Amino acid sequence: MSAAAVEHPCDGEPESLLETANILTEQHPGYRVEIIGGVITVAPSPDAPHARVLTKLMRPFIAAGLDDGETEVLQGVGLWLPSGPEDYAIPDLAIVDADLDGHLAENNCYDPAVFRLVLEVTSSNYNNDLRNKVAAYAEAKIPVYVILDRKHGRVHVLTEPMGGGYDSHQVYAPGQTVALPDSIGAPVTLDVAELIRAGRPRT
């Protein structure tokens with residue numbers, strides 16, 4: 001993760017954070033630009049293991065029927081955040097209500113009320129996922145936040161958002177399974193060892 005800025009013209013009003021973020025998005029295709037807590041962050045394109053583990057993660061959600069009917073399983077959909085006037089995040093994976101299209105908020109981002117679960121797979125910017133986004137997603141009242149921490153080989157499941165954090169924070173290691181809350185729409189169990197293995201480069 002890195003804070004980023006662009007040059008501003010000397011005359012006229014300075015660009016808003018949102019304008020700057022959109023310019024960065026245009027200038028750096030494939031990079032993920034977000035505004036968390038009033039700070040622009042730019043993450044490089046994910047590596048192959050990051051993409052591979054997202055594919056592994058989608059399978060149990062789809063098998064549970066969460067991509068049909070009342071919910072959808074989506075990658076990279078924008079989430080408008082209440083933590084700042086221009087804050088938004090783009091979680092790696094989300095379980096959302098099927099009427100998502102009717103809840104467009106701003107800047108191609110959607111109202112947090114339609115998100116049942118958000119999931120992040122860590123990369124070099126893992127502190128952003130483990131700290132800044134915990135506070136941001138909790139303030140947005142996202143019911144379930146899952147973090148696949150590739151650096152430390154763990155899965156975090158955060159539930160019961162309370163202000164700037166989550167009241168429940170469970171950590172799972174390889175050899176354990178994660179039973180996600182039924183509130184996401186269906187019972188889903190994740191195999192931690194399988195996910196951690198998928199998130200590492202193949203030898």
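Biologist: What makes helix H3 (residues 126-139) close to its expected span?

Modeller: In this predicted model, H3 has 14 residues and reaches 20 Å from its first C-alpha to its last. At 1.5 Å a residue the expected figure is 20 Å, and the helix is close to that.

Biologist: Where in H3 is the kink centred?

Modeller: The kink is centred on lysine 133 and amounts to about 45 degrees. The bend at a residue is the angle between axes fitted to the seven residues ending there and the seven starting there. Lys133 is also one of the buried residues of H3. Just after H3, lysine 141 takes a positive phi of about 60 degrees.

Biologist: Why is proline 181 called partly exposed?

Modeller: Buried means under 20% relative accessible area and exposed means over 50%, with partly exposed in between. Proline 181 has 24% relative accessibility, so it counts as partly exposed.

Biologist: Where is the place of proline 181, and between which strands?

Modeller: Proline 181 is in the loop between strand S14 (177-179) and strand S15 (189-191). Leaving aside neighbours within four places in sequence, proline 181 is in contact with Val144, Thr159 and Ala186. Threonine 159 is 22 residues from proline 181 in sequence, with 8.5 Å between their C-alpha atoms.

Biologist: How do you know that the buried residues of helix H1 (residues 17-27) are on the same side or on opposite sides?

Modeller: The buried residues of H1 are Leu18, Thr20, Ala21 and Leu24. They cover an arc of only 160 degrees around the axis, which puts them on the same side of H1. These buried residues pack against strands S2 (32-36), S3 (39-43), S5 (78-80), S6 (88-89) and S8 (104-106).

Biologist: Which members of the largest nonpolar core touch the most other members?

Modeller: Leu57, Phe61, Leu117 and Leu180 do, in a core of 28 residues. Among the elements that each supply at least two residues of this core are helix H2 (48-63), strand S10 (115-121) and helix H4 (192-198). The largest share, five residues, comes from H2.

Biologist: With which residues is leucine 180 in contact, leaving aside its neighbours within four places in sequence?

Modeller: Leucine 180 is in contact with Phe61, Leu117, Val146, Val157, Val188 and Leu190. In soluble globular proteins, nonpolar side chains tend to be buried together.

Methods. Residues are numbered from 1 along each chain as its sequence is written. This is a predicted model: local features need pLDDT of at least 70, side-chain atom pairs count only at pLDDT 80 or more; totals for chains, interfaces and linings use all residues. Side-chain values use heavy atoms; hydrogens and water are left out. A nonpolar core is a set of buried Ala, Val, Leu, Ile, Met, Phe, Trp, Tyr and Cys residues joined through side-chain atoms within 4.5 Å. Buried means under 20% relative accessible area, exposed over 50%, partly exposed in between (1.4 Å probe, protein chains only). Helices (H or I, at least four residues) and strands (E, at least two) are DSSP runs, numbered from the N terminus. Contact means heavy atoms within 4.5 Å. The expected span of a helix is 1.5 Å times one less than its number of residues. The arc is that of the directions from the helix axis to the C-beta atoms.
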